[in-house]
Amino acid sequence: MRLLAILFLFLPLGAFSQKNEIFQIDSLPKEGILLDKGWKWHAGDSPDFAKADFDDSKWEGIDPTKDIFDLKNLSKNGDIFWLRLPLFLSQSISKESLIMTIKQSGASEIFLDGKLVQQIGVIDKDKTQIKAISPGREPFSLRLLPNQLHILAVRYAFQPNIKYGTHFANTNSVLRVKINSLKSWHIEDQNQQNETNWNIVVAVIFATLCVLYFAFYLFFPSQKINLFFAIYNGLQFLPYGFSGFFTLKNVDFFYGFSNILIFTAVIASSFLLLAIYRLFEQKIGIIFWLVLILGIFSIFFSLYNYQWGWVVFGIGFNFSINLELFRIAIVSFLKNKKGAWIIASGGFIFCVSWILFLYSNTKGGEMELISNFSYALAQIAIPISVAINLGYNFAKTNISLQQKLLEVEVLSSEKQQILESQNEQLDKLVAQRTQELKASQAQLIQSEKLASLGELTAGIAHEIQNPLNFVTNFSEVSGELVDEMKEEIEKGNTTEVKEIAQDLKQNLEKINHHGKRASDIVKGMLGHSRNSTGEKELTDINAMADEYLRLSYHGLRAKDNTFISDFKTDFDENLPKIEVVSQDMGRVLLNLINNAFYATKGVKSPLVEIKTAGVENGIIVSIKDNGKGMSEETKAKIFQPFFTTKPTGEGTGLGLSLAYDIVTKGHGGTIEVESVEGEGTEFIVKLPIQTI
Amino acid sequence: MKVLVVDDEVDIQDLFLQKFRKEIRNGEIEFSFATSGENALVYLHEHESEAILILSDINMPGMSGIELLREIVEKNTKPKPIVMMITAYGDDETRNKALSLGADDFLNKPLDFGDLKERLFKR
C-alpha cells in the first residue's frame, strides 16, 4: 500500500551541476545528493575499467537510478558490465564527512579512483554464484577530496532468475548511490527508523487483534465474523511484521516475499469486506464480486505487467476496498445499524489520513513524520474502528444481558411464588381427588359385586325353582297318597297301606331335601351379596365349582334363551378340601366361568370344561373354553382394573382384576391364562392347601 | 302307552311313578326314564319301531332337550314319536322354537299333573 504513495512522490533533486559530464557537488542538501546523472556504462569486464585514467569516452550514457525494466539494454542474466562516473567536490563542503548509501537490484564492486572501496553482494563469472544484495540504510564512508576529479567505477551484475516486482514504480533501480553529510544521514536514518517503528506498532496492533478475534472465534465458533477478522488481521500483520522486524537485504528474498504479500493483501482485504458485510447484515452483492475480480487481476498484473500491476492493485483494488467499506458503513449508519458510526468514522479517518499522507509526501522530508504517521493511521483506521465496534457490541450485549438477567430474576421469583401457590393448590386437589377416587373405587368394587349378583340372580331363580317344584309336587302327591291310604285302610288292605306309608315317608324326605336345597341356594346368594368377612373355612372346591357352573349356566340361559353351550366337568375325586374365603373364591369361579361361557358365544359346538386336580401342596382349578381366544395385546391387559372387551355397560372391567387380587393377595395362589386366538382360552387357578 | 321321561333331576322319576300309580297299576301307561339327551337317544335306538311318547326337559347339561328334539326329527323313525317338551322357562320364544322344530306339545314347570294326564291320554 505504501507503494501507491510513490506514484505521487516527487523525488526532490539536490542542488547539483553538471559540466562536461562531471557530477559536481557544490553543496549538500539535508536529503543528500542522488548520483543520477553523468554515468556511462559498458558491457564486458576488464580490470582496466576501474582505473581512473581509463578512456570511457566511447561508452554510452545511462541513468542507473532508473528501473531495470526501463533499462532494456542491460543484461539481466548475470553478464558483468561496468558503470563509471566522474565526481567533483567543491571546496565549500570539503570539511564535512561524507557518507554513501547504496540501494541496488544486483551485486556490485565499487572502485574509487581505481581502488576497490566496497563490495556489495557477490560477482562471479559463474553466474549461479552471483548474489544480489541491497544494503539499504547501511552507511559507507566515502573519502572524496575537494577540488579534485574522482572516478567512481562500478563493476556490476544481476543475479539471474529474480522475479523483480512490477508493482514498484521506480523501485527496481539498478543503482542508487546517494551522498550525504554524516549529520544529515543521521537525521534521515532516524526518519527511516521512525518508519520502521511505525511498522512495528502497526504490526503489533494487527497481531493483537488477530489473537483477540481468533480467541473470540475459538470460544464462540458460531460467530464466523470473528474468524474473518482474525484472518484479515493475521494476514495484515505479515507485511508490517516483516518490514518492521527484519531488514531484507537479500534482493531475491525481498522480491519473492513482496510478491507473496500482494497475494495475501488481496485475501486479507476480501475477508475484511466479508466481515463488514456480515457485521452490518449486508448481502454480498455485485460490488463484492467486482472488487474480488479486481483483486485477482491485480495479482496477475503485479507479477507480469510492469507499472500497471501496482496501479491496478494500489488504486484499483486497495482503494476500492476501502471505499466500499466506507460506503457500507455510511449506508448502515443511515439505517441506524448498531455501531455503524464507528466503522464510518474509521473510514473517514482512513480517507483523511490517506489524503494527508499523499500531501505530506509531496512536501518531501520536511513532513516525513506526518507522512509516516498519516500512513500508519490510514492503515489501522479501519481495523481499529472494527475493534472499537467489537468492544462497543460487547458492551451493548453485556448491558442487555444484565437487563435480561434482572428481568429473569424478577420473573423467576414471581414464577417461584406462582409455582409454590400452584403446588399448594395441586396438593389440595390431589388429596381431594384421591379421596374421591377411593370412594369411587369402593363404589365400583361394590358395583362389580352387585353386577355378579345380578348375573347370579337368574341362575339362582332357576336353581331355586327346581327344588320348589319338587316340594310342591311331592306335597301334592303326598296329599293324594294320604287319601289313597285312607281308602286302603278302610278296605283293610294292610300291605298296600304299608307301601303307601313307605312312599309317604320317602316323599317327606324328598320335600325336606329339596326344601334344604332351596334354602342353601338362598344362603349362598346372601353370602355372595354380603361383604366378605374374610374368614376362611375348609371348602370342597369341587362342590363349589359345580354349584357356580350351574348357577352361571342357568343365569346366562335365563338372560338369553338363545344361548346354548355345552359344559363338562372333570373333578378330581380325591381333591383335598382347602381353606378359602368361600364368598370370595365363589366370586372368582363365577367370574371365570361366566367369562368362559361368554367367550363361546357364536362359536360352533361351544364347550366349557372345568377340571380340578390335586398337585403338590395345593390344587388347581382349570376353566377352559373353546371360544374366540385373545390376542397377545388383550392377554397382557386382562388383569388390569377397568379393562374389558365387553360392550359398554355390560362389564365393569373389574371382574378379573378382583379375581386376581383374591387369588394372589387373598389366598397366596396364582392365576394364569393361556389363550390361542380362534381356539380358546384356559384359566388355571392354583391354590395352596395352606392358604395365607 | 309307553312314555320316556327325559330329565336330569332323578327325583322326577318317583314323582311320575306316584302320580301315575293307578294308571301304571292298571297297565294304561308304562314309564321309562333317561337322565340325559344322550341316554334318551340310546333308549330310543334300543326300542326302535315302538310307539313311544317322549316327555323331555329342555335344560340339561350336555345335550339339551332342543338338541334331542332335533336329533329325533332328523332320524325320522317310523312311527314318528310324539315329543312333548317341558321347561321352567315358559317364554314364547322357547315354546315357538320347540314347536317349529317339530315338538307336539309344550308344558311348563311346575308340572300340572292333571293337565299332563289329560294331554297324554288325548294322544
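Q: Which strand does β1(B) pair with, and how many bridges join them?
A: Strand β1 (residues 2-6) of chain B is joined to β3(B) by five bridges, and the two run parallel. Strands pair when DSSP finds at least two bridges between them. Strands here are DSSP runs of E with at least two residues, helices are runs of H or I with at least four, and both are numbered from the N terminus.

Q: Is this a predicted model, or what is it?
A: This is a predicted model, where local features need pLDDT of at least 70, side-chain atom pairs count only at pLDDT 80 or more, and totals for chains, interfaces and linings use all residues. Residues are numbered from 1 along each chain as its sequence is written, while chains are lettered from A and ligands numbered from 1 in the order in which they are written.

Q: Back to the strands. What stands opposite B:Val5?
A: B:Leu55 in β3(B).

Q: And what is on β3(B) besides that?
A: Five bridges also join β3(B) to strand β4 (residues 82-87) of chain B, again running parallel. There, B:Ile54 stands opposite B:Val83. The chain gets from β3(B) to β4(B) through helix α4 (residues 65-75) of chain B, in a right-handed β-α-β crossover. Right-handed means the path from the first strand over the helix to the second runs clockwise, with the strands pointing away from the viewer.

Q: Why is β3(B) largely enclosed?
A: Five of its six residues, 52-57, are buried, so the rest of the structure largely encloses β3(B). Buried means 20 or more other C-beta atoms within 10 Å of the residue's own, with C-beta atoms placed from the backbone.

Q: What's the overall makeup of chain B?
A: Six helices and five strands. From the N terminus the order is β-α-α-β-α-β-α-β-α-β-α. Of its 123 residues, 32% are buried.

Q: Switching to chain A. How do α4(A) and α5(A) pack?
A: Helix α4 (residues 251-279) and helix α5 (residues 286-304) of chain A pack at about 175°, with axes 9 Å apart. Axes are lines fitted to C-alpha atoms over the stretch in contact, and angles run from 0 to 180 degrees between N-to-C directions. The pair is therefore roughly antiparallel, a label for angles over 145 degrees.

Q: Where does A:Asn594 sit, and is it buried or exposed?
A: A:Asn594 lies in helix α11 (residues 582-599) of chain A. A:Asn594 is buried, with 24 other C-beta atoms within 10 Å. Its C-alpha atom is 7.8 Å from that of A:Tyr553, 41 residues apart along the chain.

Note on methods. Buried ≥ 20, exposed ≤ 12 C-beta atoms within 10 Å, placed from the backbone. Parallel < 35°, antiparallel > 145°, perpendicular 65-115°, else oblique.
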